[in-house]
Amino acid sequence: MRCLNATATFGGLRAWIGFKQTAVKFERDPRFAGDVKYTFSKSFALAMNGLVSFSKVPLRLSIYMGLFAAFVSVLMAFLILYWRIFYPNSALTGLTIVMMAVFFLGAVQLVSIGILGQYIGRIYEEVKGRPLYTLAEVAGFGDRHRSPK
């Protein structure tokens, strides 16, 4: 079982809650001994984990790419129709029909996967059990429930 890195999770949760944040700049001493163990691939995996864990944008991206591919396939269909009318003996029409069909079917698949991804993303958000909102302040319950400043 692979353990997830806590920094991506806590950083995303901190941003999700909405507390004020600031950067603390400091200079790090040079490495005392050894080489860097956190490789580029590990850093990239951490970035992907943070992106996928706190955003539905990658799910929506497949829908947008599918709609774009569908638009291109419709343009290709108009181009084929134009070639069929004005250049009936063109050798390119057969190839473009196949390309248009493949493009259109790929677009349908991308849109379908994107819609399924949206459903799965909503299920994932619900299963995480995070509250829908956080309270900035609690009033009317005496001093024992004061919000920290």
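This is a predicted model: local features need pLDDT of at least 70, side-chain atom pairs count only at pLDDT 80 or more; totals for chains, interfaces and linings use all residues.
Start with the second largest pocket, which holds about 180 Å³ of space. Its lining takes in a run of neighbours, Val 52, Ser 53, Phe 54, Ser 55 and Lys 56, along with Pro 58 and Leu 59, and then Ile 120, Gly 121, Tyr 124 and Glu 125. Three helices, α2 (40-53), α3 (57-86) and α4 (92-128), each supply two or more of these lining residues. The top contributor is α4, with four residues. Sorted by class, the lining comes out as six nonpolar, three polar and two charged residues.

Turning to the rings, the count of aromatic pairs is three. One of them joins Phe 40 and Phe 44, a stacked pair with 6.3 Å from centre to centre and 25 degrees between the planes. These two sit about one helical turn from each other, because they are four residues apart in helix α2. Phe 40 counts as exposed, since its relative accessibility is 69%, whereas Phe 44, at 47%, is partly exposed.

Another pair brings together Tyr 82 and Phe 86, and here the ring centres are 4.8 Å apart with the planes at 50 degrees, so this pair is tilted. Both residues belong to helix α3, where four residues, about one turn, separate them. Tyr 82 has a relative accessibility of 40% and so counts as partly exposed, while Phe 86 reaches 53% and so counts as exposed.

Note on methods. Residues are numbered from 1 along each chain as its sequence is written. Side-chain values use heavy atoms; hydrogens and water are left out. On a 1 Å grid over the protein atoms alone, a cavity is a set of points where a 1.4 Å probe fits but cannot get out, and a pocket is an open set with protein on both sides within 12 Å along at least five of seven lines; lining residues have an atom within 4 Å of a point. Grid points are joined across faces, edges and corners, and a volume is the space filled by probe spheres set on the points. Ala, Val, Leu, Ile, Met, Phe, Trp, Tyr, Cys and Pro count as nonpolar, Asp, Glu, Lys and Arg as charged, and the others, Gly among them, as polar. Rings of Phe, Tyr and Trp (its six-membered ring) pair if their centres lie within 6.5 Å; planes under 30 degrees apart count as stacked, over 60 as edge-to-face and the rest as tilted. Buried means under 20% relative accessible area, exposed over 50%, partly exposed in between (1.4 Å probe, protein chains only).
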